[in-house]
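Morning, everyone. Please look at the screen.

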Amino acid sequence: MEQPIGPLSSFDYDLLVVGAGSGGQAVAKEAVGFNKRVLVIDPVTPFSEGTTSVLGWSSVTMATVRQLLHRASQLGQDIQDSQKYGWRFKETASHCWGDLSDALLGHAESCVLGVRRDLTECGAAYLRAGWEMLAPHVVEVTDTDGRKSRLSVGTLVIDPGERPRYPGVPGDREHCVTSNELFSRPRPPGRTLVVGGSPEGVECAGFLAGLGHEVTLMLPTSDLLPGFDLKMSRKIENHMLVHGVHFLYEHTLSKVEQIGAQDGGVSAAALPGARGGLRAPGGLRASLLSRDGSATQEDFDTVLLAVGIEPSTSNIGLERVGVKCSPDGWVLVNELDQTSVDHVYCLSSSTSSSSSSSSSSGLGPHCPSPVLRARSGRLLAHRLYGGPTPPCDYSNIPLVLFTPLEYSACGLSEERANATFGEANIEVYHSYYWPLEWTVPPRDKNSCYVKVICHVPDQVLTSLTVTQRESEAMMVRGNC
């Protein structure tokens with residue numbers, strides 16, 4: 001029976017956590033340790049093709065899937081390199097997209113079961129459902145069968161994560177895909193147009209090119225990864241060009257329409273592409289608009305949108321209870337993750353803090369790693385139930401891009417360091433190097449690069465930036 005909205009003498013749950021990413025899991029588990037009644041809601045969020053997200057699409061699993069896709073593309077290069085080490089194959093190696101898709105979906109499902117098991121075993125309740133705030137301390141929950149109920153909660157922590165943004169042009173939702181749906185499609189993407197120079201777009205272009213597909217990365221400006229370290233971005237761009245990614249600069253998407261039979265991707269009979277990739281007849285026609293106003297059309301098998309992310313904070317009743325958001329939907333919080341409503345908190349994955357912190361570092365807009373989000377969640381739980389606890393430090397967020405040549409960084413970009421301290425007050429140490437395993441094939445000589453920026457007066461290291469294979473293990477895992 002529904003509970004009336006009004007003064008509540010007690011709550012059904014001391015803590016409601018919305019979102020089962022690493023931050024949401026951490027705050028829930030820590031709160032259980034303080035003997036609190038905790039409910040974790042995994043929000044049901046529709047994707048563009050009518051499917052819904054599951055716990056496996058949390059920030060933890062999506063970060064893992066990015067690594068697995070990156071690894072899949074690396075294996076193709078490893079197979080080529082192995083022949084220089086004496087390996088011989090009875091048959092020519094080829095890639096099966098269906099097998100990769102099945103493996104990644106299986107991995108996501110195992111994450112669903114694993115995280116759900118961890119939450120329930122630690123004593124937290126778990127529910128996969130839609131939700132909406134009706135009044136302070138009251139939420140309405142809609143389960144997967146459409147049944148509605150109302151719950152009273154003492155404290156609410158929101159960690160719903162982000163979702164891909166659509167550009168709002170004709171055909172974008174009907175015919176295009178985002179990185180969330182790409183790997184779950186049963187058929188190979190074929191000749192692909194990646195729209196946007198966001199980190200996700202650059203990564204996806206690298207994945208697909210490494211798997212043998214013909215890829216065009218369309219950028220609205222002349223720079224790849226605007227906001228990131230300029231020299232490092234150019235090195236990534238040059239490496240991607242050498243490895244088969246085609247770039248289309250200063251163009252935007254104006255329309256997408258279907259021109260042939262299509263069933264979730266290209267047809268089963270893939271044909272060689274113009275640059276040696278895989279493609280199939282038919283597909284999609286993309287209308288492109290250049291900066292000078294000229295319009296062109298080009299046919300692709302898949303159009304992948306990577307124009308940025310937006311918070312999953314719409315239509316959940318935040319405005320009804322007075323939670324303030326930025327014009328683009330990010331929840332506004334103070335340094336203690338508290339919103340404009342006393343009992344409502346929001347972790348960094350859904351707030352403007354992560355965007356502003358990365359912008360202030362000059363490394364570009366990129367969300368904190370799942371490990372850092374988990375740390376933020378644990379600190380929040382201790383602040384709520386364990387006494388004064390310092391806030392999580394987002395000033396130097398280590399990040400990694402799974403581009404063909406991995407990009408890892410922590411600290412200020414060279415441009416931001418010059419602007420902050422003055423060019424005369426910093427020293428830049430840099431070096432090219434050639435990994436030993438690449439000397440035998442041989443390939444990509446002097447592609448790997450490391451740059452260290454120091455503030456001379458204080459003799460303090462202000463940033464470390466690396467482009468090399470497996471740089472993520474050194475930068476992100478080492479810092480978090």
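So, how many aromatic pairs does the count come to? The count comes to four. Keep in mind that this is a predicted model.

Before the examples, a word on description. We describe a pair of aromatic rings by the distance of the centres and the angle of the planes.

Take Phe-34 and Tyr-385. Their centres are 6.3 Å apart, with 45° between the planes. That pair is tilted, because the angle falls between the cut-offs of 30 and 60 degrees. Now find the two residues in the chain. Phe-34 is in the loop between helix H1 (22-33) and strand E2 (38-43). Tyr-385 belongs to helix H10. They are 351 residues apart, so this pair links distant parts of the chain.

Next, Phe-228 and Tyr-407. Here the centres lie 5.9 Å apart and the planes make 70°. This pair is edge-to-face, because 70° is over 60. Phe-228 sits in the loop between strand E9 (215-218) and helix H7 (230-242). Tyr-407 is in strand E20. The pair links distant parts of the chain, 179 residues apart. Phe-228 is buried, with a relative accessible area of 6%. Tyr-407 is buried as well, at 1%.

Last, charges over rings. The charged end of Arg-173 sits over the ring of Tyr-166, 4.0 Å from its centre. Lys-235 lies over the face of Tyr-449, 4.3 Å from the ring centre.

Key: Residues numbered from 1 in each chain as written. Predicted model: local features only at pLDDT ≥ 70, side-chain atom pairs only at ≥ 80, totals over all residues. Heavy atoms only, no water. Phe/Tyr/Trp six-rings, centres within 6.5 Å; stacked < 30°, edge-to-face > 60°. Helix = DSSP H or I, 4+ residues; strand = E, 2+ residues; numbered from the N terminus. Buried < 20%, exposed > 50% of the residue type's maximum accessible area, 1.4 Å probe, protein only. Lys NZ or Arg CZ within 6 Å of the ring centre and 35° of its normal.
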